[in-house]
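Please look over the sequence and the model below before reading on. The briefing that follows goes through the overall build, the sheet, the helices, the cores and a few single residues.

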Amino acid sequence: VTLAISLSLQNALTNVIGGFNLLYTKPFVVGDFVEIATKSGTVLEVGLTYTRLRTADNKIISIPNSAVVATDIVNYSAAGTRRIDIAVTASYDAPAATVKKALLEAAQVPGVLEDPAPMAALDNYGDSAIGYILRAWCPVEIYYDTMYQINENIKLRFDEAGVEMTYPHLNV
């Protein structure tokens with residue numbers, strides 16, 4: 001009986017020690033958007049035994065504090081800004097300058113920061129297309145809205161510029 005009680009208290013005590021560690025070091029606070037191991041969401045509560053997150057699809061996840069302090073923690077809110085990275089492909093027939101110009105125009109949406117300025121670059125040469133990357137910074141609280149708006153603008157700007165978004169194909 002003593003052994004069973006000791007083992008059950010060991011987990012609880014480890015979680016409490018983890019809770020004190022989190023409250024002392026403050027790698028995140030309530031309201032931050034974080035990724036803990038493979039789970040991500042907005043921090044609802046940092047308790048003595050569990051940390052609670054609300055996921056983007058409104059699920060509540062309770063993670064034992066012993067697991068939180070034992071893994072990597074990514075805090076997307078701490079810096080106040082976040083970089084949007086969008087990878088796209090375009091036909092080998094489209095001039096690189098035209099594609100990069102269209103990408104930069106697509107990034108001209110409310111919320112995108114001027115400093116650092118958005119950048120577009122040729123990223124790689126694929127079998128069926130050239131890969132490009134668009135990077136832009138925005139405030140953390142409008143990250144997803146801004147990213148979705150830029151994505152939609154990319155299609156519009158590519159259509160206007162006559163840039164073909166390719167898909168894998170095989171010539172036989």
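Which residue in E8 is the bridge partner of Leu122? The partner is Tyr132, and this pair belongs to the antiparallel pairing of E7 with strand E8 (residues 130-139), which extends over six bridges. The model is predicted, and the points below should be read with that in mind.

**Overall build**

- The protein contains four helices and eight strands, and along the sequence these follow the pattern α-β-β-β-β-α-β-β-α-β-β-α.
- The radius of gyration of the protein is 23 Å, whereas a compact globule of 172 residues would have one near 16 Å.
- Of the 172 residues in the protein, 33% are buried, and the protein exposes about 10700 Å², of which carbon and sulfur atoms supply 55%.
- Among the contacts with a separation of 6 or more, 61% are made by residues 24 or more positions apart.

**The three-stranded sheet**

- Three strands form an open sheet in the order E6-E8-E7, and their pairing is antiparallel.
- Strand E6 (81-90) and strand E7 (119-125) are at the edges with a single partner strand each, so one side of each has no neighbour in the sheet.
- From one strand to the next, the twist averages 25°.
- The antiparallel pairing of E6 with E8 runs over ten bridges, and within these two strands Thr81 stands opposite Pro139 of E8.
- In a regular strand, side chains alternate between the two faces of the sheet.
- In E6, the covered face carries Arg82, Ile84, Ile86, Val88 and Ala90, while the uncovered face carries Thr81, Arg83, Asp85, Ala87 and Thr89.

**Helices lying across the sheet**

- Helix H3 (residues 96-106) lies across E6, E7 and E8, and its direction is at about 135° to E7.
- Helix H4 (residues 143-161) lies across E6 and E8, and its direction is at about 25° to E6.

**Nonpolar cores**

- The largest nonpolar core comprises 24 residues, and those with the most contacts inside it are Val99, Leu103, Ile150, Ile154 and Phe158.
- At least two residues of this core come from each of E6, H3, E8 and H4.
- Apart from this core lies another one, made of ten residues that include Leu22, Val43, Val46 and Leu53.
- Leaving aside residues up to four places away in sequence, Ile150 touches Ile84, Ile86, Ala106, Ala107, Val109, Val112, Leu134 and Ala136; two of these residues, Ile84 and Ile86, are on the covered face of E6.

- Strand E1 (residues 33-36) and strand E2 (residues 39-46) run antiparallel and are joined by four bridges, with Ser40 of E2 as the bridge partner of Glu35.
- E1 and E2 form a hairpin with two residues between them, and Ala37 in the turn has a positive phi of about 55°.
- E2 is also joined by four bridges to strand E3 (residues 50-54), again in an antiparallel arrangement, and in E3 the bridge partner of Val46 is Thr51.
- The hairpin formed by E2 and E3 has three residues between the strands, and Val46 is also one of the residues in the ten-residue core.

- Where is Thr166 found, and is Thr166 buried or exposed? Thr166 is found in the segment after H4, and Thr166 counts as buried because its relative accessible area of 17% is under the 20% cut-off.
- Not counting residues up to four places away in sequence, Thr166 touches Thr89, Ala90, Ser91, Ser128 and Ala129; of these, Thr89 is on the uncovered face of E6 and Ala90 on the covered face.
- Thr14 and Pro64 are 50 residues apart in sequence, while their C-alpha atoms are 9.2 Å apart in space.

How values were computed. Residues numbered from 1 in each chain as written. Predicted model: local features only at pLDDT ≥ 70, side-chain atom pairs only at ≥ 80, totals over all residues. Heavy atoms only, no water. Pairing = 2+ DSSP bridges. Axes fitted to C-alpha atoms, helices over the stretch in contact; angles between N-to-C directions. Contact = heavy atoms within 4.5 Å. Rg over C-alpha atoms; globule rule 2.2 N^0.38 Å. Buried < 20%, exposed > 50% of the residue type's maximum accessible area, 1.4 Å probe, protein only. Areas by Shrake-Rupley, 256 points an atom, 1.4 Å probe, with all protein chains shown as cover. Core = buried A, V, L, I, M, F, W, Y, C linked by side-chain atoms within 4.5 Å.
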